[in-house]
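Please open the structure in a viewer and follow the stops below in order. Each stop names a selection and describes what is found there.

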Amino acid sequence: MTFGETFTAATDRAVLFPYMMCGLPVAAATLDLFVAMADAGADGFEVGIPYADPLMDGPVIQEAGMKALAAGMTLAKGLETTAAVASATGLPCAVMTYVNPVLAMGITEFSVRVGEAGAGAVIIADLPVDESAPFVAALEGAGVGLVQFAAPTTTDARLDQVVAKANPFVYGIAEMGVTGERDGSTSRAAELSRRVRSRSEVPLVLGVGISGPESAKEAAGLADGVIVGTALVRRVLEAPTIGAACEAVAELVTDLAVAVRE
Amino acid sequence: MTVVDRPDASGRFGEFGGRFAPETLMPALEHLEIAFDEAWDDPAYRAELSSLLRDYVGRPTPLYEASRLSEVLGLRLLLKREDLAHTGAHKINNTVGQALLARRMGKPRVIAETGAGQHGVATATACALFGLECEVFMGEVDMSRQALNVERMQMLGTKVTPVTSGAGTLKDAVSAALRDWVATVETTHYIIGSVVGPHPFPWIVRQLQRVIGDETIEQLGDIEPDLVVACVGGGSNSMGMFYPFAGGDVELVGVEAGGYGLESGKHGASLVAGTPGVLHGARTYMLQDAEGQVLEAHSISAGLDYPGVGPEHAQFKDDGLARYDSVTDDEAVAAMDLMSRTEGIIPALEPSHALAWVWRERAALAGKTVVLCLSGRGDKDVDQIAEASGR
């Protein structure tokens, strides 16, 4: 399924996009985690590629990234994993990384490989809409969309640009701050949702700070989709075995899948 | 050979710079550019800054003819004495200007990163002066090698937060400060310590540090120097010194941290041995592997222990406006010793790199007039040197 088909099919509910980082718990078992999450009710995925200096990520995803890099994960290998996930699950995948590994591979080469991997979208955490034109152009050529971000601080003028360029969805930053599990309120997400919706029909997916079924349910009421990352990554880092990691993520995704349907 | 007056709308110095930052920060960066523009054009802001630089910081700092060192080196050496500025380094030029800006923008809280601690102390000082809440992020490795500056910041009422991620040095401190800012940007101003980071920081910090070069030109009077030499970590003292000279007849030389030697891979020489990429929000020369992953820098000097460099230096390098070289840890320590014993001035490890380069090149520089930016004093490094030499 494509992202577009996924949003269209879920007419009366928000979709659930779990995040997982390539290389966890070990590179050979990352696919198992994604398959377990697909079986537990995920609608699509954010496939994380580790970066050594992840400015948008809190301590848990930082630690996961260092572990994955130390074990030899790279952008090229992560795209191979993405291809395997897309093929095994049939679900839409968004490749998530930072700008420098993409520049090192080359924007065009990266775009071609993402397209070949069967990923429908790319998310680059430190690439604001202002700097995105060359990336959008190259990715379009490969039939891949570039997700744009909207934050509670985003001005109206910036938001107009973000919704105009976002493809296949807007990543709404639900809470101020880097990725992590928090018990914050959703008042700012509600305001952000209203501002995006008043401008555009482009799907809005909320992420950052959404850690469990309760916050996922609230976010689902405000948006077309929900991303959960840190809570899943933490469970993988804490699991003693590969089997236990698969069980732990499946358990949380099952609960989250129920929550976004409530 | 184009000297950029101010970066273009996308924040570029030629091909370098830009604004590769999370969207959460982008509105604040746009606002900061407007606020700085307004302040810089406001005679009241400029007058307050000038009076603080004179009466509080102690500017102009002297341009001192180092006769004994000149004799040893076989050339004429003039030292721009930023070590005599309040708090002991050039960093205060920037922090006073930016703290005034924070007050003007109505932001009650300030954050900063620090490597050697000089920027942290200068930020803590400006915040104490203006009654701003201040938190400084410092790598835990740097906290142990610059313990004196940690104490100073705490005395000044600043919270010093250890950073344990990565190698626990300057890169990690910048990243930690940026992550804090992503959460707190609505009430907090980030006083970045060098000509690095996303636009408009490299431009703002250069404008606030160019006082070093502007004063030097005035103090030189009829003297026509052949070379201006300064150390380059992120590159704020060097850009502040170079910028007013750029495009003229004076050769500009930036000296980076060679660490254990370039061939060892353990160094901080981004311009000499790095490649273009994006680090901390700007496209610039940086230390990275073939996969685009940032590499850890190494330098005995915490202030130069950084895998990137200001984007304007990257443009200076590519456009031939300045040339860049490196010296090793050992050469820097020897130069620190030389200046201490010959002139009675204990320089910081950072500008000791610039002197080490002059020492190494002294045969080629014989008889020339060299201006060296003595960016800071070495008190902070005394414990580290004593330990290393077993004194």
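With which residue does Asp130(A) form a salt bridge? Select Asp130(A) together with Arg158(A): the two form a salt bridge in this predicted model, and their closest N and O atoms are 2.7 Å apart. Asp130(A) lies in the loop between strand 4 (121-124) and helix 7 (133-141) of chain A, and Arg158(A) in helix 8 (residues 156-165), so the pair ties together parts that are 28 residues apart in sequence. Asp130(A) counts as partly exposed, at 37% relative accessibility, whereas Arg158(A) counts as buried, at 1%.

Remaining in chain A, select Phe3(A), Phe7(A), Phe17(A) and Phe169(A), which ring pairs link into a cluster.

Next, move to chain B and select Glu133(B) and Arg109(B). Their salt bridge has its closest N and O atoms 3.9 Å apart. The pair links strand 6 (residues 133-139), which holds Glu133(B), to strand 5 (residues 109-114), which holds Arg109(B).

For an aromatic stop, the count over all chains comes to 14 aromatic pairs. One of them joins Trp181(B) and Tyr190(B) edge-to-face, at 5.8 Å centre to centre and 65 degrees between the planes. Both residues, Trp181(B) and Tyr190(B), are buried.

Finally, select Asp222(B), Glu224(B), Asp226(B) and Asp249(B), which form a negative surface patch. Asp222(B) lies in the loop between helix 10 (211-220) and strand 9 (227-231) of chain B and counts as exposed, at 79% relative accessibility.

Notes. Residues are numbered from 1 along each chain as its sequence is written. Chains are lettered from A and ligands numbered from 1 in the order in which they are written. This is a predicted model: local features need pLDDT of at least 70, side-chain atom pairs count only at pLDDT 80 or more; totals for chains, interfaces and linings use all residues. Side-chain values use heavy atoms; hydrogens and water are left out. Patches are made of residues with over 30% relative accessible area and no salt bridge: like charges are joined within 9 Å, nonpolar side chains (Val, Leu, Ile, Met, Phe, Trp, Tyr) within 5 Å. Accessible areas come from the Shrake-Rupley method with a 1.4 Å probe; for residues, only the protein chains shown count as cover. A salt bridge is a side-chain nitrogen of Lys or Arg within 4 Å of a carboxyl oxygen of Asp or Glu. Lys and Arg count as positive and Asp and Glu as negative; His and the chain ends are not counted. The place of a charge is taken as NZ of Lys, CZ of Arg, CG of Asp or CD of Glu. Helices (H or I, at least four residues) and strands (E, at least two) are DSSP runs, numbered from the N terminus. Buried means under 20% relative accessible area, exposed over 50%, partly exposed in between (1.4 Å probe, protein chains only). Rings of Phe, Tyr and Trp (its six-membered ring) pair if their centres lie within 6.5 Å; planes under 30 degrees apart count as stacked, over 60 as edge-to-face and the rest as tilted.
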